[in-house]
Amino acid sequence: MTPIELLKSYKGKVFDNSPSPFTKWLAPTVIDASEGRIVFEFTVRPEWLNPMHNIHGGVTAAIIDDVIGTMMFSLGEDSFYTTINNTIDYFSVAKAGDKITAETQIIKKGKQFVHAECEIWNPDHTRMIARGTSNLFKTSLQK
């Protein structure tokens, strides 16, 4: 089964078969998956909150980085892409129990570098919580 077939087989379910232990811990539900585009839904958990009881910016950044990584996994290449940098803009908050949706896309893919974007929204797309962009570098696949 290819990576994209694996992701599609989890549509509507928690993606608990990821090769990434961190993705398993985040426990995303697959909403949509196609080559180069992933949509995951998360339920904000109490341990993800800052002292103001809002989703912690570090958790938001980690979700953005992880979902972009899963999108790169969806390409099914015999390479690994490592994150060079992340730039994240925060626009709103989410509370424990809230559903949030992370949507990714590739902006530009070259031979060695990829520029990708991830947006985190409330479920009805009326409030963007954060937007992140990332540059990734193609490396050899090593485990």
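Student: What does T104 touch, leaving out residues up to four places away in sequence?
Tutor: In this predicted model, T104 touches G36, R37, I38, V67, I68, M71, E117 and C118.

Student: Is T104 buried or exposed?
Tutor: Buried, because its relative accessibility is 2% and the cut-off for buried is under 20%.

Student: And which strand is T104 in?
Tutor: T104 is in strand β4, which covers residues 99-109.

Student: What does β4 pair with, and in which sense?
Tutor: Strand β4 is joined to β2 by five bridges, and the two run antiparallel.

Student: Where does β1 come in?
Tutor: Strand β1, residues 29-34, pairs with β2, residues 37-43. That pairing is antiparallel too, over five bridges. Within it, V30 stands opposite F40 of β2.

Student: How many residues sit between the strands in that hairpin?
Tutor: Two, and G36 takes a positive phi near 85° there. G36 is also one of the residues that T104 touches.

Student: New topic, T139. Which strand is that in?
Tutor: Strand β6, residues 128-140.

Student: Buried or partly exposed?
Tutor: Partly exposed, because the relative accessible area of T139 is 26%, and that class lies between 20% and 50%.

Student: What does T139 touch, again without residues up to four places away in sequence?
Tutor: S79, F80 and T82.

Student: How far apart are T139 and S79?
Tutor: They are 60 residues apart in sequence, and their C-alpha atoms are 5.9 Å apart in space.

How values were computed: Residues numbered from 1 in each chain as written. Predicted model: local features only at pLDDT ≥ 70, side-chain atom pairs only at ≥ 80, totals over all residues. Heavy atoms only, no water. Pairing = 2+ DSSP bridges. Helix = DSSP H or I, 4+ residues; strand = E, 2+ residues; numbered from the N terminus. Buried < 20%, exposed > 50% of the residue type's maximum accessible area, 1.4 Å probe, protein only. Contact = heavy atoms within 4.5 Å.
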